[in-house]
Amino acid sequence: MSEARDFRSIGQRVIRPDGVDKVTGRAAFGADYALPGMIYGRVLRSPHAHARIVSIDTKKAARMPGVLAVVTGADFPSVGSEEITGGEGAGNYKDLATNVMARDKALYHGHAVAAVAATSVAEAEAALAAIKVKYEKLKPLLDLDAAMADDAVLVEEGLFTSGLPEKPTKPSNVATVMELKRGDVEAGFREADIVVEATYRTPTVHQGYIEPHACLATINQGGQATIWASTQGHFDVRSSTAKVLGLNVSDVRVIPTEIGGGFGGKTTIYVEPVAVLLSKRSGRPVKMTMSREEVFRASGPASATKCVIKIGARKDGTLTAMSAWLAYEAGAFRGSSMAPGAMCVFAPYKVDNFLIRGFDVLVNKPKVAAYRAPGAPQSMYACESLLDELAAKLGMDPIDLRLKNAVEEGAQAAYGPKFNAIGFRECLEAAKRHPNYKIPLGQDEGRGVAAGFWFNAGMQSSAEIHINEDGTVTVIEGNPDIGGSRASMALMAAEELGVPYERVRVQIADTESAGYTNTTGGSRVTFATGMAVIQAARDIIGQCKQRAAATWGIDADMVDWADGKAIPKPGVNADVKPLTLAAIAANAGRTGGPLLGRASLNARGAGPGFSVNIADVRVDRDTGKVDVLRFTAIQDVGKAIHPGYVEGQMQGGAAQGIGWALNEEYVYSKDGVMENAGFLDYRIPVASDLPMIDTQIIEVPNPSHPYGVRGCGETPIVAPLAAVANATHAATGVRIRELPLSPPRVLAALDNAAGSAAGKAAG
Amino acid sequence: MARVYFPDHLASLTEGVRELEAHVSSFRDLLEWLEGRYPGISDKLIGKVAVAIDGDIIHDPFLDPIEPGSEVHFLYRIEGG
Amino acid sequence: MTKVHVSTTINGQPAEFLCEPSQSLLDVLREDLQLTGTKEGCATGDCGACSITLDGTLVCSCLVLGVEAAGKSLGTIEGIAKGDELHPIQQKFLEHAALQCGVCTPGLIVATKSLLDANPAPSEEEIRYYLAGNLCRCTGYDKIVRAVQDAAKTMRGEAA
Amino acid sequence: MESFAYAAPATLDEALEILKAHQRRKVRTQLLAGGTDMLVQMRTVDREPRAIIDVKKLKETNKLTLGAKETYIGAAIPGVILTANPELNARHPGLVEAMDLIGSSQIQGRASLGGNLCNASPAGDTIPAIIANGGICVIASGSKTREIKAEKFVVGVGRNALKPGEILLGIRFPKPAKRTSDAYLRFIPRTEMDIAVAGAGVSVTLDKSGTCTAARVVIGAVAPTALLVPAAAKALIGTKLDDAALQAAGAAASAASKPITDKRGTVEYRRKVVAVLVRRATRIAAERAGAQ
């Protein structure tokens, strides 16, 4: 389907259509909306990581000045167990409803137990303090080893592991087990000249979007609700809120606001149904925003993991067998990103024998949510680190080792199907050739390489195109623009229609105005919604040809479309002037009415995205501090529609991955209280922490997209973890198999190594 | 003749069979054919798993054509971030 | 609670408001004066999304009390463009794709203006350290730093 | 319900008057300078109402003089003013760099030396530097002023020596002797925006031959309050600040430290790193002193 062609608009670094509003402060984000009579909702949260809720007394709070509504779990309808199948995050509506507001148990520190709406935030907060909750404290489970122990306390009573060949007889905190295998892994290890095995751990981390969750909701006496929400997917907010509150989907209208970052964390709901219920009880519009502290404690971070990887290889570097044991914390409800983590772990490599076992494990922490290539950074950090260890043992260049085993078109992915055209080899070769791979390093400096992979996604999208009476173009679609996607949509519409980019505007419409569209996530927007925009544009072109034919009095199949104009086909004997889009639009009323193009589709064939990263670091041996000196991100994106925003995805993902590698982690007390719930101590990279991030875009077109687009947003976060860890090893000679590589951890490892070296020397 | 693959976690639905050959021309036909052999299986597949037909991952397949020689893989549904 | 009457100047225009003594200036700007271009990312001075100038000095408006604005001159993102014309910093942020979600952008632009007003030719390192209090989670800062460098050049009157 | 109140007196007398009145009526009162710590605390750990007296408008808290014998820095002067003063930088470079390390450019527009001292955090960056420079706190106490050495000002975690009704007006520093200079270093995991995991403020005096004749070594974030470590100074005095002397001073600082393990660092880590910082800060201070 991908067409080789010269592009006029695609590939141009245009100014995004929503840009001016975003640099002038006009753009309205989640917390920027207000309605007449609006009041403020706040949430009371559990001070315990695991406790039975014995009773909640809200009488005093309800009588306090300014308080117009108080709700608890008892005010929400009961929601039955039902898998969430429509949208993004895996899960169950019952869990979702219980996560929004605790019922009989508080399952993590920060779990919502009650909410208040009052005429001011101060009054609402004062009322929260007056709510009396009686808890019976239970032992919290805070890590994988404890939760997977045979005699562990259960986070969810009566939970039986799914995915086992036989139904287990005993409940467990392991919600799901999954297995992927091929060949004979034991035989493969016997065939190997060298076998390496190691255990790696990663901590709970947060997406760290700068805009906290925010919404404004109002519901009338007829049960019709309107919600303004900062979300990656307003259709999911609609379906989830309707389900949690027992409303008809048609009675919930969700208007997406501008969104201040999400990275997967805004693919689910937290305060939205609470705001609607408070509005119902108070008769007023209710605005709810999470504080930064609440975002850390009670939104959805990414899983902490423990990954055991084993790799066997021949002396020439050929991989003979690989195995992975992957445990992911799910938080208090099942549904971590273990499965995609398991599917990604060996995806870049050809190996005949492998065994992958994954475990989705409940602990008393907030329910995890998607975070950019969910699941992949953790498992691939482990595998890409161990490959580095293997390369060192084999005396091979780490890029050569990967080239030796890299998947290419026709190779069978570890997760099942055969790859179509992919660009992994091209990325590896570009890395090998890159000047940054050859820069000499100084004392205490090291270079690390790692690969990244993400599937990218298709799914359902809709688009409409309206041709305005002056020939300008309005594109209407349903994906919140989280990083410049309006520009990509406008570029694609301009390309197809043959009109200048500046004549195209893009509207992100609400759930009542746009056709159903899956969430902005899975790196799917430019691919799938872009495909819908292209199809809608082609619909318009078809109509324009008909209008031109009608104007000229010839058959529609005698008309061509070129350079934004209808022209007679070569050889057609008609003495007519080409008709521009503007001319056809001006005459639309006389040729059949307004020009309206549309497309709705379930896009298949998202193109897998591969990357290779090169990190250079310097380690301060006295303090254990690791500084990133240089970072090079190379990625196959299929086709870069707006190269500036593609580079931006690569750079932003690199920065998040570097933060994950070096400093970011949830620090828990022994009682399960997060001790660093703020940007002061949850340390995301600041401007002075990072160098410029060099990017190289590789374009191996995706055959399933008209322009070759693969999607690019998620792959960039996968490789940096191992690239930085491998560089740190190269700089120090010491391998640290747990993230983050924070100064205390690095210094302790250096001192240990020095101690044991000294011991050996002495011995 | 298309080849159809089930991963281990779904093989319980096919009495342990992980690889099948089917004479079908669309995913709808495949579901019907599978349902005939393993009654109840389609409820466990529709909306709960993703499918790759000749390498293209599809979240909600139904009308998608399956060519002779096609490879059909059932997969976990992959969410994104 | 007793509200306090405050007279101040915002973006060159006189302004008055009533606020509680404990209310932050950020809250006053956003909730009472509907100047929502100034964003709240943390309310603890750690993210810089609420950056404004107070008598010409760059501050986090979440760490200023509304009552402290009395008699002061405030500068917010809404006052950066001159009428119909974008400020060169705003223009360069657009040209360099230096924003993705855009929620940190107002704070970054206010902070950048403060930097360039004081130091017309900052080095990359000076830019990075000056802007260290403005968190951006989308861009990795690369394009932001380049936009600032380019804006500085334009403001110095050098050809781009 | 009690409510918040705010006053921004223009003169010291007025400020003391308001303080006294609040004291009589037993109103909880807090002094506000830059507010970069206080406002955060007011919004998180301690939301109780109080009367706030803004001391930023007083002449005494805004005075900055570099006299022939001493330096006076008003308690409420924001960092941005101090770091922009070349003369102050030349005279007390370590003190200025300690101030400059606090928070972002935005924080620098508000945070003050006096505020950092009164906040009395174990990790307050300027406190070791103030003590290393021999700072003396000037306090308005009723109609009089009293003075107290900086090392006696902070008495515990978040607690200072101010009595009810008192205001810290500024800090006096003796003008450094010839070939005397200082340095402050802290360790943080990032390059900016963090709280010190450990800190070290060092002042040294050299004779013409480069031998250290006087020193003050102060460590921060490794005990409930910043610690003046005479043993570390002793290890430096009489030496040419060679590696052995620096190692000894670092070891003395490590030994004097009483760190805790928390989200920012462990006991072991802080002990090790504080020695590194003492060594490195001494080297910088000595270079500066030698260059005079």
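**Strand pairing, helix packing and cysteines in the predicted model**

In chain A, three strands form an open sheet in the order E20-E21-E22, with antiparallel pairing; two strands count as paired if DSSP finds at least two bridges between them. Helices (H or I, at least four residues) and strands (E, at least two) are DSSP runs, numbered from the N terminus. The model is predicted, so local features need pLDDT of at least 70 and side-chain atom pairs count only at pLDDT 80 or more, while totals for chains, interfaces and linings use all residues. Residues are numbered from 1 along each chain as its sequence is written, chains are lettered from A and ligands numbered from 1 in the order in which they are written, and side-chain values use heavy atoms, with hydrogens and water left out.

Strands E20 (559-562) and E22 (579-580) of chain A stand at the edges of this sheet; each has a single partner strand, so one side of each lacks a neighbour in the sheet. E20(A) pairs with strand E21 (residues 565-568) of chain A in the antiparallel sense over 4 bridges, and A:Pro568 in E21(A) is the bridge partner of A:Val559. Helix H15 (residues 525-552) of chain A packs on the sheet and touches E20, E21 and E22 of chain A, where contact means heavy atoms within 4.5 Å.

Strand E10 (residues 225-229) of chain A is largely enclosed by the rest of the structure, because 5 of its 5 residues are buried. Buried means under 20% relative accessible area, exposed over 50%, and partly exposed in between (1.4 Å probe, protein chains only). On one side of E10(A) lie A:Ala225, A:Ile227 and A:Ala229, and on the other A:Thr226 and A:Trp228. Strand E9 (residues 214-219) of chain A pairs with E10(A) in the antiparallel sense over 5 bridges, whereas E10(A) and strand E11 (residues 252-256) of chain A pair in the parallel sense over 5 bridges. In the hairpin of E9(A) and E10(A), A:Gly223 takes a positive phi near 85°.

The structure holds 0 disulfides over all chains, a disulfide being a pair of cysteine sulfur atoms within 2.5 Å. The sulfur of C:Cys19 is 15 Å from the closest cysteine sulfur, in C:Cys62, which is too far for a bond. C:Cys60 is likewise in no disulfide, with the nearest cysteine sulfur, that of C:Cys50, 4.4 Å away. C:Cys19 counts as buried at 0% relative accessibility, and C:Cys60 counts as buried at 2%.

Methods:
Axes fitted to C-alpha atoms, helices over the stretch in contact; angles between N-to-C directions.
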